[in-house]
Every structure is written in structure tokens, then in C-alpha cells.
Amino acid sequence: LTVFLNGNQDVTVEVTPLGTGGAVRSALSLLTSSTALVMNGDSFTEADLCGFLAFHRSRRAQVSLLLTYLANADRYGLVEVDGEVVTAFHEKPLHGHAGGYINTGVYLIDTAVVGQIPADRPVSLEREVLPRLCQSRCYAVRGEFPFMDIGTPESYRAADAFFRERIAS
């Protein structure tokens, strides 16, 4: 897990796999603000992070998620939202659904919530922490943000081509 604070980079190393939640929990002692920006390292979303932070703060949210709509979301879990409030998570694999809003892996999480994640075992943000927070100041920004991950050979090649094109231009 890599943590960036005030332009400085620090790295925590997992001796044993801690899951997405456990990895975030392991960085708690490095966090110096009341809110942490957490981003999955195997995906990319192009979004206004300053606007996302303003949204999070204006709702006094414990957790805010950035969601994007995909017409074919079979590879991803879906997030149900009532207005801006997250009401449910349906983790993958879900086959046969037409599409919906997926979790992009970009979160704003209050450090108090990070402190509640168990430190003694692997924990999944997506399967354990976030579903527990539904309807408890857990909000989402929905949009059609550019999104890609590198979870399959095909998507890895597409991401490689995307970034090579960006660098070249």
C-alpha cells in the first residue's frame, strides 16, 4: 500500500495479505487528516477529485464512493443508490444483468471509519466494510466517468494502449 502525505510517499508492506480493508487499516498510523482518499491500484477513473471531496464534506459523509455507469457490468459488482445515499452492494459475479452503476474503487473515507476496521485479520472493503455502512452517511457520486481496469489480459492491453496514447500526445 502506498500512502502519499503532503507530497511525500510512504509504503506499508503486508507480511500476509490483508484484503482491501486490511491494507487501508494498516496505514491508519500514517493518516494525518480526517479524510483519506483511497484508490484501487488496478483501475483508473478520470474524475474531478476536488469536486468529489467537496461533495463528501458537504454531506458530512463517513464514506463517499465514485460510481460510473457501465452498459455491460458483468465483471463488476453493482451499487444501488437512492438519490445520493448508497443502499446496497451486489458484489460480482452477477451474470445476465444489462448494466448499472459500478464502484470505481475511488473512495473518500473518514479516518474514524478506517480505525473501526479490524487490524488482526484480512478485511474486504467491498464485502464487509462498505455494506455495513449503507444508509449510515455513505454517499455516492454517480456519473459516466472514463473507467478501466487491468483485471483481464484484454483490459490490461486496452489500458496499456490508452496510457501510451496519452503519453504520446
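The following questions and answers go through selected residues and side-chain pairs of a predicted model.

Residues are numbered from 1 along each chain as its sequence is written, and side-chain values use heavy atoms, with hydrogens and water left out. Because the model is predicted, local features need pLDDT of at least 70 and side-chain atom pairs count only at pLDDT 80 or more, while totals for chains, interfaces and linings use all residues.

Visitor: Is Ser64 buried or exposed?
Guide: Ser64 is placed in strand β5, residues 63–70. Strands (E, at least two residues) and helices (H or I, at least four) are DSSP runs, numbered from the N terminus. Buried means under 20% relative accessible area, exposed over 50%, and partly exposed in between, with a 1.4 Å probe and protein chains only. With a relative accessible area of 0%, Ser64 is therefore buried.

Visitor: With which side chain does the side chain of Ser64 make a polar contact?
Guide: A polar contact is a pair of N or O atoms within 3.5 Å; within protein, one must be able to donate a hydrogen and the other to accept it, and residues adjacent in sequence count only if both atoms are side-chain atoms. The polar contact, at 2.7 Å, is with the side chain of His56.

Visitor: How are the ring planes of Phe55 and Tyr139 arranged?
Guide: Rings of Phe, Tyr and Trp (its six-membered ring) pair if their centres lie within 6.5 Å; planes under 30 degrees apart count as stacked, over 60 as edge-to-face and the rest as tilted. Phe55 is buried at 10% relative accessibility, and Tyr139 is buried at 17%. The ring centres are 6.4 Å apart and the planes stand at 80°, so the pair is edge-to-face.

Visitor: How many residues apart are Phe55 and Tyr139?
Guide: Phe55 belongs to helix α2, residues 49–59. Tyr139 sits in strand β9, and the pair links parts of the chain that are 84 residues apart.

Visitor: What is the distance between the C-alpha atoms of Phe145 and Ala47?
Guide: Phe145 is in the loop between β9 (138–143) and β10 (147–149). Not counting residues up to four places away in sequence, Phe145 touches several residues, including Thr45, Ala47 and Leu66. Phe145 and Ala47 are 98 residues apart along the chain, and their C-alpha atoms are separated by 6.3 Å.

Visitor: Where in the chain is Glu84, the partner of Arg59?
Guide: The side chains of Arg59 and Glu84 meet in a salt bridge at 2.7 Å, N to O. Arg59 counts as partly exposed at 28%, as does Glu84 at 32%. Arg59 is in helix α2, and 25 residues apart from it Glu84 is in the loop between β6 (78–82) and β7 (85–90).

Visitor: What separates Arg164 and Asp160 along helix α5?
Guide: Their side chains meet in a salt bridge, 2.9 Å from N to O. An α-helix has 3.6 residues a turn, so residues three or four places apart point the same way. Being four residues apart in helix α5, Arg164 and Asp160 are separated by about one helical turn.

Key: Contact means heavy atoms within 4.5 Å. A salt bridge is a side-chain nitrogen of Lys or Arg within 4 Å of a carboxyl oxygen of Asp or Glu.
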